[in-house]
Amino acid sequence: MKVPGRVTSPGRTPGKDARQSQRIRPILIVLVLFVLISAAVWAALFLTASTTKNDVRRLVQTQCRLASTSFAGDVSIEGEGIAGTARVPYVDSTGSHTAIVRIGADGAYSLETCGR
């Protein structure tokens, strides 16, 4: 005789499978958090580097009186941490030069030479 209603298998409970509860496993949470934190750190580093290079390029452009098309290559920064030396290659009417900018530990920029 059939009884109308819901049919369930004996021994099965909702929310569980053969292994364990069907919740998000802790290793998955740790992995997602690791990826998010790593992405945030790398994004901050890339943003800082990009901002520093743009600031150095702007300083050289204004103080050496260059056009934006004068720059011949990418800004290279040498040094530890924030402090260091930036080299900015550029070309003007007298030829190719390298401007040197000192980056202080406090983040201040000072133009050392325009390469002339």
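## Arg65, an exposed residue

Arg65 counts as exposed because its relative accessibility is 75%. Exposed means over 50% relative accessible area, buried means under 20%, and partly exposed lies in between (1.4 Å probe, protein chains only). Arg65 sits in the loop between α1 and β1. Its place is just after α1. Its phi is positive, about 55 degrees, although Arg65 is not a glycine. Most residues other than glycine have a negative phi.

This is a predicted model, in which local features need pLDDT of at least 70 and side-chain atom pairs count only at pLDDT 80 or more, while totals for chains, interfaces and linings use all residues. Residues are numbered from 1 along each chain as its sequence is written, and side-chain values use heavy atoms, with hydrogens and water left out.

## The layout of the chain

The chain has one helix and four strands. Along the sequence they follow the pattern α-β-β-β-β. Both kinds of element are DSSP runs, numbered from the N terminus: helices are H or I with at least four residues, and strands are E with at least two. Buried residues make up 18% of the 116 residues in the chain.

How many residues does α1 have, and what should they span? It has 38 residues, which should span 56 Å at 1.5 Å a residue. The expected span is 1.5 Å times one less than the number of residues. The end C-alpha atoms of α1 are 55 Å apart, which agrees.

Which residues of α1 are buried? They are Thr52, Val56, Leu59 and Val60. What covers them includes β1, β2 (84–92), β3 (95–103) and β4.

## The nonpolar core

In soluble globular proteins, nonpolar side chains tend to be buried together. Here the largest nonpolar core has 14 residues. Such a core is a set of buried Ala, Val, Leu, Ile, Met, Phe, Trp, Tyr and Cys residues joined through side-chain atoms within 4.5 Å. Val56, Val60 and Val88 have the most contacts inside this core. At least two of its residues come from each of α1, β2 and β3.

Val60 touches Arg65, Leu66, Phe71, Val88, Ala99, Val101 and Leu111, not counting residues up to four places away in sequence.

## The disulfide

The structure holds one disulfide. A disulfide is a pair of cysteine sulfur atoms within 2.5 Å. Here the partners are Cys64 and Cys114, with sulfur atoms 1.8 Å apart. The torsion about their S-S bond is about -95 degrees, so the disulfide is left-handed.

What does the pair tie together? Cys64 lies in the loop between α1 (26–63) and β1 (76–78), and Cys114 in the segment after β4 (109–113), so the pair joins parts that are 50 residues apart in sequence. Cys64 and Cys114 are both buried.

## Ala105 in its loop

Ala105 is in the loop between β3 and β4. Ala105 counts as exposed because its relative accessibility is 66%. The C-alpha atoms of Ala105 and Ala83 are 4.4 Å apart, although 22 residues separate the two along the chain.

Note on methods. Contact = heavy atoms within 4.5 Å.
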